[in-house]
Amino acid sequence: MLEVLGLRSAEEAVYSALLARPTASAQELARQTGLDQAESTRVLLDLAARGLVALATETGTGSGAPDAPGGEAGRGPDRYRLTPPSVALAPLLVEQRNALHRAEAAYSILTEQYRSTAAHAAGSVVEVVVGVEQVAHRFHQLQRGAQQELLVFLKGVPTAVPREDADLSESSALDRGVDFRVVAAKDYLDDLDVAGDLRSAISAGLQLRVVDSLPLKMVVSDRDRAMVPLDVSDSDGEPSAIVVHRSGLLTALVHLFEREWGHARPLYATAKGVRVEAEADPQPTEGELEVLALLLAGISDRRAASQLGLSIRTVERRTRRLMDLAGADSRLQLGWHAARAGWL
């Protein structure tokens with residue numbers, strides 16, 4: 001737990017052992033932690049130098065050396081106590097925060113330098129990635145780096161990224177609360193194993209819709225970058241792809257996704273797998289109606305999320321589906337449709 005603040009495992013063991021008692025000597029801590037006494041002594045000296053522990057009593061010459069072997073007769077071993085964590089650990093926490101801020105600043109500078117020093121203007125917009133490992137690496141970068149939204153087209157059989165690897169990145173994104181929308185071509189659902197995986201993903205928050213066919217595979221991360229596979233024949237049989245950065249081309253890809261999403265039919269989890277939503281009069285789920293009731297009462301998305309114990313992204317996702325069901329362009333229209341349809 002304390003490794004993130006810069007304490008090594010032996011230091012954390014000694015520190016944690018001291019938490020459970022008012023004071024202790026190096027010998028006592030060695031017995032409790034399984035360290036030898038010399039190591040326990042060295043760790044105490046280190047912690048004392050950093051202000052995390054202090055002498056509880058000073059005996060003999062008052063040298064501050066804990067448990068010196070072969071101490072003088074009548075002199076007990078030095079005993080140590082913790083410095084209050086609110087005092088001792090606060091500077092370490094500040095140091096870690098500052099390091100994170102410096103890392104973020106360095107990341108921004110490097111990103112801008114990379115874009116500004118591209119050899120050609122087009123090079124800063126489109127990158128060509130060739131080879132199984134490189135394509136898989138960039139795919140995982142896009143999915144694991146997403147903070148807000150992932151838009152994905154799925155079709156055919158995976159070539160560079162196995163389904164099980166893609167599932168791990170997908171699960172990580174859902175755990176972070178990323179708004180994850182997928183449009184799948186019917187041929188992608190032909191594999192029986194896929195249905196079980198999709199059922200679990202939908203239960204975890206993935207929004208999935210199906211269409212008869214798609215023009216390409218694609219993943220868009222935070223509307224900032226996209227990845228589109230290239231024809232294998234163009235790279236001597238090696239899988240290849242282009243990574244598209246923020247540009248008019250990326251805007252067109254996002255527009256293509258939203259168009260296909262609008263025409264696609266939702267899939268829902270069932271006991272055995274997934275099913276396509278019936279075209280006749282789909283209804284809101286109970287969870288969506290809970291969100292709707294709060295929104296119509298004038299409660300903000302953030303307060304609604306707090307009251308329902310949901311993330312704000314989940315509230316926004318449910319609101320979007322309600323608007324899709326109602327064919328509404330605004331929340332005012334959504335309220336009117338809800339009243340007319342008798343949803344509440």
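1. Buried means under 20% relative accessible area, exposed means over 50%, and partly exposed lies in between (1.4 Å probe, protein chains only). By this rule F257 is buried, because its relative accessible area is 0%.

2. This is a predicted model, in which local features need pLDDT of at least 70 and side-chain atom pairs count only at pLDDT 80 or more, while totals for chains, interfaces and linings use all residues. Residues are numbered from 1 along each chain as its sequence is written, and side-chain values use heavy atoms, with hydrogens and water left out.

3. The structure holds two aromatic pairs. Rings of Phe, Tyr and Trp (its six-membered ring) pair if their centres lie within 6.5 Å; planes under 30 degrees apart count as stacked, over 60 as edge-to-face and the rest as tilted. F153 and F257 make a stacked pair, with 5.5 Å centre to centre and 25° between the planes. This pair links distant parts of the chain, as F153 is in strand β4 (residues 149-154) and F257 in helix α9 (residues 248-263), 104 residues apart. Helices (H or I, at least four residues) and strands (E, at least two) are DSSP runs, numbered from the N terminus. F153 counts as buried because its relative accessibility is 1%.

4. F257 also forms a stacked pair with W261, at 5.9 Å centre to centre and 20° between the planes. Both residues lie in helix α9, four residues apart, about one turn of the helix. W261 has 4% relative accessibility and so counts as buried. F153, F257 and W261 form one aromatic cluster.

5. The charged end of R181 sits over the ring of W261, 5.1 Å from the ring centre. The rule for this is that NZ of Lys or CZ of Arg is within 6 Å of the ring centre and within 35 degrees of the ring normal.

6. R181 has Q207 in β6 as its bridge partner. Strands β5 (residues 179-185) and β6 run parallel and are joined by five bridges; two strands pair if DSSP finds at least two bridges between them. Five of the five residues of β6 (residues 207-211) are buried, so this strand is largely enclosed by the rest of the structure. Q207, R209 and V211 point one way from β6, and L208 and V210 the other way.

7. P22 lies in the loop between α1 (9-19) and α2 (26-33). P22 is exposed because its relative accessible area is 71%. Leaving aside neighbours within four places in sequence, P22 is in contact (heavy atoms within 4.5 Å) with Y80 and R81.
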